Amino acid sequence: MNVKFMKWSSIIYGAFIYSFLYIPILILIIFSFNKSKLNAVWTGFTFDWYAKLWSNTEVLEAAKITIIVAIVSTIASTILGTLVSVGMYKYHFKGKSAIDGMLYIPLVMSEIVMGISLLAFFSMVKMPLGIWSLIISHITFSIPFVVIVVRARLKGFDRSVEEAAMDLGASEWQTFRLITLPIIGPAIIASALLAFTISIDDVIVSFFVAGPGSTTLPLQIFSMVRYGVTPEINALSTLMLAVTLVAVVIGERLIMKKNM
């Protein structure tokens, strides 16, 4: 009886948590097809709000900037984070513990503090705020996430495989390219997807470092929400959710294919 009660209580608790997380998102998706401008009343089904997005030049420009920043920062942070992970895993040197600890500071630091510090840095080096300041900032806060994911994979890595390859005549580069990289490949893909999602989702840091003409999609949505949540915003949010889900599914497929 006790076991049965625990089982059902766990199911109810889990259902409550998932409902709390996903029912608001489901409501947002449903009301993105609402004919009425008011989100309080359902008046009928329509695709008009999605059609209006394609004629909204501000949204399209913000989407273009967001995608450019996300792709460039993801590629750069994935490469740098992977190299840092491999270097920290393979080599021992003085100050390694301090550097290791510094990598985790951006994860626990308040985004407002990071945004202000990056703004102060760009002001100090006299770098104009724009798309490049956005890219550099997104690379900065994405690298720790890449390092954590890739290092977690490297901790379970059998170094004897690398040593065997080098004993058989492979160079360090060949060993890394043909042995190490394929093994940590799924972790690299996962970290790249994480960095891409974080970049697309960022609001606070982008708010401080985005200059005129470099407004990202989350900032555009934030400015639109101040005048009220309309079905057009719901439609835009639904499209962002769809893009994220597609990226996650593709990543999962690639990882599953790699592991087969």
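On a 1 Å grid over the protein atoms alone, a pocket is an open set of points with protein on both sides within 12 Å along at least five of seven lines, whereas a cavity is a set of points where a 1.4 Å probe fits but cannot get out. Lining residues have an atom within 4 Å of a point. Grid points are joined across faces, edges and corners, and a volume is the space filled by probe spheres set on the points. The model is predicted, with pLDDT of at least 70 required for local features and 80 or more for side-chain atom pairs, while totals for chains, interfaces and linings use all residues. Residues are numbered from 1 along each chain as its sequence is written, and side-chain values use heavy atoms, without hydrogens and water.

The second largest pocket has a volume of about 350 Å³. Its lining comprises 16 residues, with Ala 63, Ile 67, Leu 217, Leu 239 and Val 243 closest to the centre. Two or more lining residues come from each of helices H2 (48-54), H3 (57-90), H8 and H11, helices being DSSP runs (H or I, at least four residues) numbered from the N terminus. H3 gives the largest share, six residues. The lining has 13 nonpolar, two polar and one charged residues (nonpolar: Ala, Val, Leu, Ile, Met, Phe, Trp, Tyr, Cys and Pro; charged: Asp, Glu, Lys and Arg; polar: the others, Gly among them).

The largest pocket has a volume of about 420 Å³. Of its 16 lining residues, Asp 201, Ile 221, Ser 237, Met 240 and Leu 241 lie nearest the centre. At least two lining residues are supplied by each of H1 (2-31), H8 (172-201), H10 (217-225) and H11 (231-259), and H11 gives the most, with six. By class, 11 residues of this lining are nonpolar, four polar and one charged.

One cavity of 30 Å³ or more is present, and the largest cavity has a volume of about 30 Å³. Its lining consists of Thr 66, Val 69, Ala 70, His 138, Ser 199, Ile 200 and Thr 216. H3 and H8 each give two or more of these residues, the largest share being the three from H3. Three residues of the cavity lining are nonpolar and four polar, with no charged residues.
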